[in-house]
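Subject: Model for you to look at

Hello,

Here is the structure I promised to pass on. Please open it next to this note and read the two together.

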Number of protein chains: 2
Amino acid sequence: MKNLIVASTSTIYGDSYLGYLKQEITCLFKDATTVLFIPYARPGGITYDEYTAKAAHVFEEFGKKLVGIHTYANPKDAILKAEGIFTGGGNTFVLLKTLYQHDLLAVLREQIFQGLSYLGTSAGSNICGVSINNTNDMPIVYPPSFKAMGILPFNINPHYLDPVPNSKHMGETRETRIKEFHSQSSIPVVGLREGSWIRVNGERCILKGAHTARIFQQEKEPFELPTESEISFH
Amino acid sequence: MKNLIVASTSTIYGDSYLGYLKQEITCLFKDATTVLFIPYARPGGITYDEYTAKAAHVFEEFGKKLVGIHTYANPKDAILKAEGIFTGGGNTFVLLKTLYQHDLLAVLREQIFQGLSYLGTSAGSNICGVSINNTNDMPIVYPPSFKAMGILPFNINPHYLDPVPNSKHMGETRETRIKEFHSQSSIPVVGLREGSWIRVNGERCILKGAHTARIFQQEKEPFELPTESEISFH
């Protein structure tokens, strides 16, 4: 039975790292004393050690020990023995490429399907979708595939942004980008605003947090899904 | 002798399509009566015909005929016989994948090195760099490589955006994303603001337009390059 928090962002404006998720995280990892951290996304190019130290500091406040996967000789084994997993944000391409390099995607997927508790933020959430085709990140490395874990039967667009009224910038809006995606693919996309997350319990995906989510489907008008609703595409 | 306009955007706020580049384009294509249009980037998922009609309308005002490459039975031959080429913006991944699919990248590169006049905007500019690693676009399709034409000895970040002061959005700034790239690569990146373009004459790349450009190099502080300056990395 799947048990995940798939969050748009680790940090909301004016709050501390993971602060707004404290209660949810404590509940998700209630049976774990140690949580395995996957720091591969390296936000801003920081080292695995620096990133792990930052996250471990906050997990300590939550009463949990957090250990970086890079400190294990055998990362596959670390996943198989983990009591819970947190994959932090950063660059989705770097994260996915590194997971493929270490041949970890299949084992991570299998463990999550078996019930391993998982927390993802931003890039760590993107990899829970069918593919990373809807990441906002810059493609700074070339992964062997854009295929992700497919824990969710849809893709995530984290940090979802509404069009800025009266903007003078001519770059595409997020909605235009996702519309472009649907000229190429039929995978639904959930635009998840900062402060929103998806609570996955078994096959149920419930939208949580302060905001509605924007749901995009091929050849349909996008719509707003209220918080506390189940995400489905009937 | 290379002869290109590599522009950040096709359209600046409040102006018509290609309006701000009218004089430059007329000069670039002064010896051409017909220009070949590459509409593969399909902005917003529009069809090749729709996109070509939009661009041809403006080229007509410039006194040039514009013909879409998709109307030729043999696109490679169309490039070999072209008097000038314009590659429009849209999705860089879709553009590059389509060029690879039709096996056009090498012939296009070769013709440009031989002196074929070329205009690129946005995605059409990204493909002039070493790779598309610094596109802002969503990776909605998976190209067989991120390697681009390497007409320029650096990469382009078009639609370059400065950090928004007091923004409450927690997604990465453009500068953070490019810094992440330099944790993985030593290719310099030119952040090209909307309204800026690069005029390539032989081996000289001159920054043109109203703005400075932001130059990013690995392990160096980024700096602002004044307009009308030569882009170099000594």
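Below is what was found, topic by topic.

This is a predicted model, in which local features need pLDDT of at least 70, side-chain atom pairs count only at pLDDT 80 or more, and totals for chains, interfaces and linings use all residues. Residues are numbered from 1 along each chain as its sequence is written, chains are lettered from A and ligands numbered from 1 in the order in which they are written, and side-chain values use heavy atoms, with hydrogens and water left out.

**The two chains**

Chain A can be laid on chain B by a turn of 180° and a shift of 0.0 Å along the axis, with an RMSD of 0.0 Å. Copies are superposed by least squares on the C-alpha atoms of residues with pLDDT of at least 70 in both. That is the relation of a two-fold axis. Both copies use the same surface: 100% of the contact residues of chain A recur in chain B. Contact means heavy atoms within 4.5 Å.

**The sheet in chain A**

Helices (H or I, at least four residues) and strands (E, at least two) are DSSP runs, numbered from the N terminus. An open sheet of seven strands runs in the order 3-2-4-5-1-8-9, with mixed pairing. Two strands pair if DSSP finds at least two bridges between them. Strand 3 (65-68) and strand 9 (204-209) of chain A are the edges, each pairing on one side only. Strands 8 and 9 of chain A pair in the antiparallel sense over six bridges. In strand 9, Arg204(A) is the bridge partner of Asn201(A).

Buried means under 20% relative accessible area, exposed over 50%, and partly exposed in between (1.4 Å probe, protein chains only). Helix 5 (residues 105-113) of chain A has these buried residues: Leu105(A), Val107(A), Leu108(A), Gln111(A) and Ile112(A). They pack against several elements of chain A, including strand 1 (3-7), helix 3 (75-81) and strand 5 (117-121). Just after helix 5, Gly115(A) takes a positive phi of about 120°.

A nonpolar core is a set of buried Ala, Val, Leu, Ile, Met, Phe, Trp, Tyr and Cys residues joined through side-chain atoms within 4.5 Å. The largest one has 106 residues. Ile85, Met149 and Ile198, in chains A and B, touch the most other members. Leaving aside neighbours within four places in sequence, Ile198(B) is in contact with residues including Leu4(B), Phe154(B), Leu192(B) and Ile231(B).

**Salt bridges**

A salt bridge is a side-chain nitrogen of Lys or Arg within 4 Å of a carboxyl oxygen of Asp or Glu.

- Asp162(A) and Arg193(A) meet at 2.9 Å, N to O. The pair links distant parts of the chain, 31 residues apart. Asp162(A) is partly exposed at 38% relative accessibility, and Arg193(A) is buried at 11%.
- Arg199(B) and Glu24(B) have their closest N and O atoms 3.6 Å apart. Arg199(B) lies in strand 8 and Glu24(B) in helix 1 of chain B, so the pair ties together parts 175 residues apart in sequence. Arg199(B) is buried at 11% relative accessibility; Glu24(B) is partly exposed at 22%.
- Lys208(B) and Glu228(B) come to 3.0 Å between closest N and O atoms. Glu228(B) is exposed at 51% relative accessibility.

Asp162(A) and Arg193(A) also belong to a salt-bridge network with Glu175(A), Arg214(A) and Glu224(A).

Best wishes
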